[in-house]
Every structure is written in C-alpha cells, then in structure tokens.
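Hi,

Here's the structure I said I'd pass along.

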Amino acid sequence: MEENLKKALSELLVLALLHQREYYALELAPAMAEHSGGAITITFPYAILYRMIEQGYIQELPKRAAPDGRRRQYFGITEAGRAYFQEIWGTYRRFAAGVDRLVSGVLGEEGGVNP
C-alpha cells in the first residue's frame with residue numbers, strides 16, 4: 001500500500017519541492033526524505049520528472065555546476081506546474097480530511113472500532 005500511495009502522491013511531492021528551488025534529479029530523493037522526516041522516500045525520480053515535463057508542469061533548465069562541482073541537469077517548475085500543484089494540493093487536502101472524518105467516526109473517541 002505504501003508504494004501505491006507514493007505513486008499517487010509523487011507529482012504533488014516533487015512539485016512541492018520545486019516550489020522552494022530548482023533541483024537536479026538525484027537531489028530529489030534525499031530532499032524528500034529530509035523534508036518528510038524520513039517518512040517518504042523515492043528511488044527513481046526520472047519517470048516522474050519526464051512525465052511532468054511532457055505535461056508541461058516542469059522544465060529542464062540549463063546544466064550547471066552542482067554543490068559537488070559536477071555539471072547537472074536541473075529542473076524547475078513552470079506556471080502550469082504551479083497551477084497544477086494548487087489543484088492537486090486542494091484535492092489531497094479534501095481527500096485526507098474526508099478519510100480522517102470517516103476513520104475517526106468509525107474508531108470513535110477511544111480509538112477502538114464502534115459497533
């Protein structure tokens with residue numbers, strides 16, 4: 001189930017990071033793990049990146065030197081990506097609130113399942 005959740009949320013998470021700054025592909029996995037307190041990890045961000053490039057949500061930027069001194073391909077969010085992020089962030093928040101209401105109603109205040 002964890003893998004399915006990651007796949008479903010991968011675009012949201014990558015776009016959230018790109019709202020902060022531009023990243024090169026291999027920076028995304030450690031940044032995601034760091035910002036999520038280790039709760040979220042990805043191993044291969046390229047499929048996500050290239051799918052979002054095709055959709056116009058992110059763009060390849062000119063290669064430049066990374067902090068390690070190597071030339072890297074950086075990615076940045078587009079205006080369409082910013083709009084898409086706002087849309088899917090709202091959808092996620094509504095969905096998560098609904099899940100919370102449903103599960104809280106079933107479990108009750110003591111945390112056990114209501115008959």
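Predicted model: local features only at pLDDT ≥ 70, side-chain atom pairs only at ≥ 80, totals over all residues.

Let's start with the largest pocket. It holds about 320 Å³ of space, and 16 residues line it. If you want to centre your view there, go to Leu5, Ala8, Leu9, Tyr92 and Phe95, the lining residues that lie nearest the middle of the pocket. Two helices, α1 (2-20) and α4 (79-107), each put at least two residues into that lining. Which one gives the most? That's α4, with 8 residues. By class, the lining of this pocket splits into 10 nonpolar, 2 polar and 4 charged residues.

Next, the second largest pocket, with a volume of about 250 Å³. Its lining runs through Glu3, Lys6, Lys7 and Ser10, then Thr41, Ile42, Thr43 and Phe44, and finally Ala47, Ile48 and Arg51. Here α1 and α3 (46-55) are the helices that each supply at least two residues. This time α1 gives the most, with 4 residues. The class count for this lining is 4 nonpolar, 3 polar and 4 charged.

Cheers

How values were computed
Residues numbered from 1 in each chain as written. Heavy atoms only, no water. 1 Å grid on protein atoms, 1.4 Å probe; cavity = no way out; pocket = protein on both sides within 12 Å on 5 of 7 lines; lining within 4 Å. Points joined across faces, edges and corners; volume = space filled by probe spheres on them. Nonpolar A, V, L, I, M, F, W, Y, C, P; charged D, E, K, R; others polar.
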